Amino acid sequence: MSDLIRVYQFRDRDRTYCHGVSVSQCYALEAVARHGAMTINQLAAHLYLSKSTVSRLVDGMERKGLIDRQSHPRDRRACLISPTNVGQRIHTQIVEDVEEREKELLAEFDPGVRPDLIDFIRRLARAAEASTRAGPPRRSSGADH
């Protein structure tokens with residue numbers, strides 16, 4: 001499992017830089033492209049990052065023309081972040097690249113097992129996300145042993 005995660009992290013770094021965005025910018029762009037306009041707090045929660053980290057990330061993305069900030073219609077203290085046309089285009093290119101690579105990877109497997117493999121990966125991703133949202137595991141004091 002660790003090997004798979006490490007390989008995917010490096011793959012993300014190599015693939016996204018060719019589009020002029022960092023891995024973090026890629027994940028942020030994906031979030032606003034897939035889920036629609038959101039606040040910095042919502043984006044921070046989605047990315048599991050601090051609000052200050054996401055603010056700096058969004059600042060850089062805005063300078064590159066990847067995202068727009070608009071006033072929040074119900075909260076004057078907040079703004080909504082959404083992809084620009086350029087940001088949406090880059091996101092689409094990255095998704096197409098990733099999908100092409102995943103097709104190449106799946107081609108290595110027998111067509112009969114591909115649906116089960118995809119289902120397993122989806123379930124594993126959902127379980128990992130649920131575990132992350134639940135927080136770190138509780139440690140026993142040692143008295144329970």
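Reader: What should I know about the model before I read any value from it?

Author: The model is predicted, so to speak of a local feature requires pLDDT of at least 70, side-chain atom pairs count only at pLDDT 80 or more, and totals for chains, interfaces and linings use all residues. Residues are numbered from 1 along each chain as its sequence is written, and side-chain values use heavy atoms, with hydrogens and water left out.

Reader: How many helices and strands does the protein chain have, and which pattern does the chain follow?

Author: Helices (H or I, at least four residues) and strands (E, at least two) are DSSP runs, numbered from the N terminus. The protein chain has six helices and two strands, and along the sequence they follow the pattern α-α-α-α-β-β-α-α. Of the contacts with a separation of 6 or more, 49% join residues 24 or more positions apart, where contact means heavy atoms within 4.5 Å.

Reader: How do I read the length of a helix such as H4?

Author: The expected span of a helix is 1.5 Å times one less than its number of residues. Helix H4 (residues 51-63) has 13 residues and reaches 18 Å from its first C-alpha to its last, close to the 18 Å expected. Helix H2 also has 13 residues, and its reach from first to last C-alpha is 18 Å, again close to the expected 18 Å.

Reader: Which residues of H4 are buried, and which exposed residues lie on the face turned away from them?

Author: Buried means under 20% relative accessible area, exposed over 50%, and partly exposed in between (1.4 Å probe, protein chains only). In H4 the buried residues are Val54, Leu57, Val58, Gly60 and Met61. They cover an arc of only 160° around the axis, which puts them on the same side of H4; the arc is that of the directions from the helix axis to the C-beta atoms. The face of H4 turned away from this buried side carries the exposed residues Arg56 and Arg63. The cover over the buried residues of H4 includes helix H2 (23-35), helix H3 (40-47), strand E1 (67-71) and strand E2 (79-83).

Reader: Where do the buried residues of H3 lie around its axis?

Author: The buried residues of H3 are Ile40, Leu43, Ala44 and Leu47. Their arc around the axis is only 100°, which puts them on the same side of H3. Among the elements that cover them are H2, H4, E1 and E2.

Reader: How should I describe the packing of two helices?

Author: Two packed helices are described by the angle between their axes and the distance between the axes. Axes are lines fitted to C-alpha atoms, for helices over the stretch in contact, and angles run from 0 to 180 degrees between N-to-C directions. Angles under 35 degrees count as roughly parallel, over 145 as roughly antiparallel, 65 to 115 as roughly perpendicular and the rest as oblique. The axes of H3 and H4 come within 9 Å and cross at roughly 105°, and these two helices are therefore roughly perpendicular to each other.

Reader: Which residues of H3 and H4 meet?

Author: From H3, Ile40, Asn41, Leu43, Ala44 and Leu47 meet Lys51, Val54, Ser55, Leu57 and Val58 of H4. By class, the residues of this contact divide into seven nonpolar, two polar and one charged. Ala, Val, Leu, Ile, Met, Phe, Trp, Tyr, Cys and Pro count as nonpolar, Asp, Glu, Lys and Arg as charged, and the others, Gly among them, as polar.

Reader: At what angle do the axes of H2 and H4 cross?

Author: The axes of H2 and H4 come within 10 Å and cross at roughly 85°, and the two helices are therefore roughly perpendicular to each other. Ser24, Gln25, Ala28 and Leu29 of H2 make the contact with Leu57, Gly60 and Met61 of H4. This contact has four nonpolar, three polar and no charged residues.

Reader: Which residues with a positive phi follow H2, H3 and H4?

Author: H2 is followed by Gly36, with a positive phi near 85°. Just after H3, Tyr48 takes a positive phi of about 60°, and just after H4 the phi of Gly65 is positive, at about 80°.
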